[in-house]
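We'll start with the overall layout and then zoom in on a few side chains.

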Amino acid sequence: MAVGLLVVSLSVSANDADKKRLAEQAEQFQQGLTLAQKGSFEQALKIWNTLDESGELVPELKRAIENNIAVIYMKQNQYENAKKRLDSALQADPQVAITLDNLNQIYAYDAQKAYQKIFKDTPVNQPKTKWLYFDVKQASLPTDNVITDVKNADSVRLVKKSIEQWRQAWVSQDVKSYLSFYDKANFIPKDGMRYSTWEKSRYRSLQNPKFIKIFLDDIQITPISDKMIRTRFLQRYHSDRFKDDVYKVLLWNKKDGVWKIVQEVVMYDQK
């Protein structure tokens with residue numbers, strides 16, 4: 001999967017004291033980054049954690065610190081700690097593509113491990129990582145650092161189209177079409193449920209409501225390999241019987257040239 005660097009910049013409008021403090025914070029941040037890129041992770045962590053705990057950080061700097069601490073944890077295989085830091089970075093600015101990608105790398109890695117026994121031709125690769133930079137002198141966010149996975153571009157487009165078709169089949173309460181998106185041989189229902197039992201439950205779930213409305217937001221598509229893609233989105237479900245907002249993950253596997261769902265997981269409720 002392609003990797004790259006994103007420069008996070010800042011437009012400053014403050015009094016002299018604020019500018020001085022910001023310049024000092026930027027210098028400390030750069031010291032940590034220099035150490036981290038040289039492999040001196042513990043020293044970098046010490047500088048960034050101290051800076052992070054000092055308070056009064058602008059969102060761009062807070063985000064860059066949390067992201068880069070997470071990168072160190074990822075390089076040290078401390079993935080749970082990395083998740084917490086990336087979640088914190090997202091709170092600073094949920095629109096940062098690099099931060100989202102780092103988090104998706106961990107989830108993709110988890111999926112690879114879970115499916116290695118089933119899909120033996122899918123190698124387990126260590127998560128790729130990307131640093132965030134903080135430059136107090138820059139006035140705007142560059143737009144030429146968007147990472148595009150050219151190799152898997154066609155697959156991403158097909159899976160994105162399949163997600164919408166899956167949603168439409170669900171909304172239309174067309175059970176046969178809806179079930180066609182699942183890999184009957186390899187799909188793993190939650191809680192160890194047998195596929196036949198799960199399939200019957202889906203007939204009830206789709207046919208019993210008088211109406212079903214579903215909206216998908218914040219769709220993220222992460223290629224894991226040439227034959228596997230992870231998608232994540234906010235699913236807003238509304239029927240005459242039930243209503244909820246959840247983040248959902250669908251894991252897609254390419255079989256005979258067609259992308260099928262092999263895992264469906266509700267991550268957490270939208271608060």
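What follows is a short tour, from the whole chain down to single residues.

## The big picture

First things first: this is a predicted model. The secondary structure of the protein chain comes to eight helices and six strands. If you walk along from the N terminus, the elements come in the order β-α-α-α-α-α-β-α-α-α-β-β-β-β.

How much of the chain is tucked away? Of its 271 residues, 44% count as buried. The accessible surface of the protein chain is about 14,900 Å², and carbon and sulfur atoms own 48% of that. Now think about who touches whom: among contacts with a separation of 6 or more, 62% are between residues 24 or more positions apart.

Let's look at the aromatic residues. The structure holds 13 aromatic pairs. One of them is Tyr-195 with Trp-198, a tilted pair with 5.5 Å from centre to centre and 45 degrees between the planes. Why "tilted"? Planes under 30 degrees apart count as stacked and those over 60 as edge-to-face, so an angle in between gets this third label.

Where do these two sit along the chain? Both belong to helix α8 (residues 195–207), and because they are three residues apart there, about one helical turn separates them. Tyr-195 is buried, at a relative accessible area of 13%, and Trp-198 is buried too, at 8%.

Tyr-195 and Trp-198 belong to one aromatic cluster, together with Trp-166, Trp-170, Tyr-178, Tyr-182, Phe-187, Phe-233, Tyr-237 and Phe-242.

Next up, the charged side chains: the structure holds 12 salt bridges. Here are three of them.

| Salt bridge | Closest N and O atoms |
|---|---|
| Lys-62 with Glu-66 | 2.9 Å |
| Asp-218 with Arg-232 | 3.5 Å |
| Asp-245 with Arg-236 | 2.9 Å |

Start with the Asp-245 and Arg-236 bridge. Both ends are partly exposed: Asp-245 has 26% relative accessibility, and Arg-236 has 30%. Elsewhere, salt bridges that share partners link up, joining Asp-52, Lys-62, Glu-66 and Arg-85 into one network.

Is each end buried or exposed? Lys-62 is partly exposed, with a relative accessible area of 25%, while Glu-66 counts as buried at 2%.

The bridge between Asp-218 and Arg-232 has another setting. Asp-218 lies in strand β3 (residues 212–225) and Arg-232 in strand β4 (residues 228–239), so this pair ties together parts that are 14 residues apart in sequence. Asp-218 counts as partly exposed, at 39% relative accessibility, whereas Arg-232 is buried, with a relative accessible area of 8%.

## A methionine and its neighbours

Arg-232 turns up again when you look at Met-267. This methionine is found in strand β6 (residues 258–269) and is partly exposed, with a relative accessible area of 24%.

Which residues does Met-267 touch? Leaving aside neighbours within four places in sequence, Met-267 is in contact with Tyr-107, Arg-230, Arg-232, Tyr-247 and Val-249.

Finally, a look at the backbone. Most residues other than glycine have a negative phi. Gln-173 is not a glycine, yet its phi is positive, at about 60 degrees. Where is it? Gln-173 lies in the loop between α6 (153–171) and α7 (175–179), and it is partly exposed, with a relative accessible area of 22%.

Asp-256 has a positive phi as well, near 55 degrees. Asp-256 also lies in a loop, the one between β5 (243–255) and β6. Is Asp-256 buried or exposed? At a relative accessible area of 75%, Asp-256 is exposed.

Definitions and conventions
Residues numbered from 1 in each chain as written. Predicted model: local features only at pLDDT ≥ 70, side-chain atom pairs only at ≥ 80, totals over all residues. Heavy atoms only, no water. Phe/Tyr/Trp six-rings, centres within 6.5 Å; stacked < 30°, edge-to-face > 60°. Helix = DSSP H or I, 4+ residues; strand = E, 2+ residues; numbered from the N terminus. Buried < 20%, exposed > 50% of the residue type's maximum accessible area, 1.4 Å probe, protein only. Salt bridge = Lys/Arg side-chain N within 4 Å of Asp/Glu carboxyl O. Contact = heavy atoms within 4.5 Å. Areas by Shrake-Rupley, 256 points an atom, 1.4 Å probe, with all protein chains shown as cover.
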